[in-house]
Amino acid sequence: PPPPSSAAAVAAAAASARKRALLEANEEEEEEIRRLERRLGLSKRRKKQDGTAIERVPQSFLRDGLGYVLGALGSRAGLSRLCESSDEEEAPESQPGPQKSQPGPREEEEDDDDEQDPEDASNSSEGDDVEGQWESESSSPEDGVVPEASEPSSEQEEKEEEKVGYCSYLVFHFVFKSHNHSATKYVPPQVRRAQETLDDKKREELGRLKKMVNGLINRLSEPNLSSISGQMEELYMANSRKDMNETLTDILMNACVTAVAMPTRLMMEHVLLVSILHHNVGIEVGAHFLEAVVKKFDELCKSDAEGKECENLLALIAHLYNFHVVHSLLIFDILKKLVSTFTEKEIELILFLLKNVGFSLRKDDALALKELITEAQRKANTAEKKLQDQARVRFMLETMLALRNNDMRKIPGYDPEPVEKLRKLQRSLVHSSGSGKETQLRVSLESLLSADQVGRWWIVGSSWSGAPMIDDKTSKTQQKLRVGKVSSKIMELARKLRMNTDIRRSIFCVLMTSEDFMDAFEKLLKLGLKDQQEREIVHIVVYCCLQEKTYNPFYAFLANKFCEYERRFQVTFQFSIWDKIKDLENLSAPAISNLVSLLAHLLRTKSLPLSVLKVIEFSELDKPKVRFLRRVLSMLLIKTDAEELNDIFLRVSDNPKLGILREGLKLFLNHFLLKNVQTQTSPEEASLLKERIELATKALQAKESKLKL
């Protein structure tokens, strides 16, 4: 054959060099794999079965959920089959004709493996099956060195690399993507085994606890109620309260909530046990049981169940009220809900509930019962044509009238003696003094039904990890609605004064739209602000007062009202005025004048004590503070009565911590006010100011002599 051209020779040489580099890289990789296998001890677990090398998956892989990995990657045959299947799919696109098998890169590696290092040879017994497996799959049927002329060209080499890359993609897709649907967070085997052991122990403990509680409930009766309640308290002390509450609630619900009407005596005894545990163990016992009963009752009312489950659940709620577990608020909420629906089923439930707790409701809240009766009469008048059984409606109204008139004789079958007898037994079994009504759960029906969304606030120390109870958007809209509609001019003024939050805008709009300071005070309290939000009222009142061109006494009277309302407002006003005094240099003349009038009014009305001036360092007075303090004290001394002025200064004299303030005030009154009084004021004001300064000085010194003695 003719010799190849120079271009073909260059291409063949480049392909040969590239192949040798790939083979060297593969050899280094295989040596690294063998070294890691020896360290992990995986090569010792491989055995040959049925003439083929089949890898056994270690138990550690199976425990970790990785048993499928070696099944896909352990044998090279899987890779070759995947590659062959991909070649068969691409066969119609390729050129027709028989394809000759190209020698793989592993043929030369066989020869290289024969010349391995002594260290590798010594360890060949451990991994000979692995290497032989790779050799048997990758080598050609004919052994020997392939001649140089049969080396693949660069195009064939690129196709082979594409083929290997596609096979790697198929393996990745098979191993990882096919198991992606069952991917979970990885848990180490030791932790997993510990969790399984704990779960098994927990199930055994819960099963044993359920048997013990079930046995006690089955033996429950009035004579042995004392011993059974004592044993239940011991179980509460020995086990988790959560487990005990759930177990007790499940057993009682299964025993009392059935499709047939349960005996009244049995229901009262079961509820009495819950009441005793509620008072002796903790209110979370009755709260958990009550929540389960109310939610089940609401579910059955919506499902229109035909059995007596609703009556049994309503009897449980009624007896929980009779034995002082729940307040009458819940009973009235249930009655209002039943009256609002007012169908034949609801009428039966109203009669059943009033028969059990009607007279107790009359004792607790006669006004609410009267309103309920009025609403029921109105509903009965509007629904006369819709209801077929008019006799039941009339009987219900007669029962309500008998309750309102306190006439027990007109209620058939009413017997309060069993309940009173069990109440006496309850008082004898309750240990602490909490048998009264202070342990009653004052919770509404809406709160119980939405406990998962808003938390169980009626249980002291109850943890809650749900969605926020108050959404920011709803709170913002509520605040906007409370303020009402305001003009665009006021909103523009609020923007100019940098009222950059909804709370500040709301307070500002209330101040600007109120008729007087009392109207503003009531509207600001109705905003329902809390903690940090509430302090914004004080800051904005002071800020608006300083922004006025002339002094407006509206802000002073409003500040006085807030200081009289709560002491926390007084403290906030004091801190706010301190901030303004420290920043006198940056205030304008109208702002300083308004601050002087505001502070003098608060001192004169005793809303703030004279100790508010202790923030001023009398030893380091500058001109702005001297002018400010002179105007404040002059206004205070002239516009205040003698008796009130004496009281104001006496409040500072009896506190030993305010000695520096007393000395500073005496020095300032005598040297800054008394010396310049003739030049700055009229003769009448000067004489009056001298008298008041003497009075104030005597008041400041009134208790100093006693303290010295």
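Visitor: Why is His324 called buried?
Guide: His324 has 17% relative accessibility. Buried means under 20% relative accessible area, exposed means over 50%, and partly exposed is in between (1.4 Å probe, protein chains only). The value of 17% is under the cut-off, so His324 counts as buried.

Visitor: What kind of model is this?
Guide: It is a predicted model, where local features need pLDDT of at least 70 and side-chain atom pairs count only at pLDDT 80 or more, while totals for chains, interfaces and linings use all residues. Residues are numbered from 1 along each chain as its sequence is written, and side-chain values use heavy atoms, with hydrogens and water left out.

Visitor: Where is His324 found?
Guide: In the loop between α14 (309-322) and α15 (328-341). Helices (H or I, at least four residues) and strands (E, at least two) are DSSP runs, numbered from the N terminus.

Visitor: What makes the pair His324 and Gln440 a polar contact?
Guide: Their side chains are joined at 3.2 Å. A polar contact is a pair of N or O atoms within 3.5 Å; within protein, one must be able to donate a hydrogen and the other to accept it, and residues adjacent in sequence count only if both atoms are side-chain atoms. The 3.2 Å of His324 and Gln440 falls within that limit, so the name applies.

Visitor: Which backbone angle of His324 stands out?
Guide: Phi of His324 is near 60°, a positive value in a residue other than glycine. Lys606 is not a glycine either, and has a positive phi of about 60°. Lys606 lies in the loop between α29 (589-604) and α30 (623-639). Phe342, which follows α15, has a positive phi near 55°.

Visitor: Why is Lys606 called partly exposed?
Guide: Lys606 has a relative accessible area of 33%.

Visitor: What covers the buried residues of α15?
Guide: The cover includes α13 (283-303), α14, α16 (344-364), α17 (366-382) and α20 (445-449). Contact here means heavy atoms within 4.5 Å. Among the buried residues of α15 are Leu330, Phe332, Ile334 and Val339.

Visitor: What makes Asp298 and Lys337 a salt bridge?
Guide: Their closest N and O atoms are 2.4 Å apart. The pair links distant parts of the chain: Asp298 is in helix α13, Lys337 in helix α15, 39 residues apart. A salt bridge is a side-chain nitrogen of Lys or Arg within 4 Å of a carboxyl oxygen of Asp or Glu. The 2.4 Å of Asp298 and Lys337 is within 4 Å, so the pair qualifies. Asp298, at 9% relative accessibility, counts as buried, whereas Lys337, at 32%, counts as partly exposed.

Visitor: How do you know that Lys295 and Glu291 are separated by about one helical turn?
Guide: They are four residues apart in helix α13. An α-helix has 3.6 residues a turn, so residues three or four places apart point the same way. Lys295 and Glu291 form a salt bridge, with closest N and O atoms 2.9 Å apart. Lys295 is partly exposed at 24%; Glu291 is buried at 8%.

Visitor: Which residues are linked in a network of salt bridges?
Guide: Glu222, Arg265, Glu269 and Lys421. Within it, the side chains of Glu269 and Arg265 meet at 3.7 Å, N to O. Glu269 counts as buried at 9% relative accessibility; Arg265 counts as partly exposed at 33%. The structure holds 24 salt bridges.

Visitor: How many helices and strands are in the protein chain?
Guide: There are 35 helices and two strands. Of the 709 residues, 39% count as buried.
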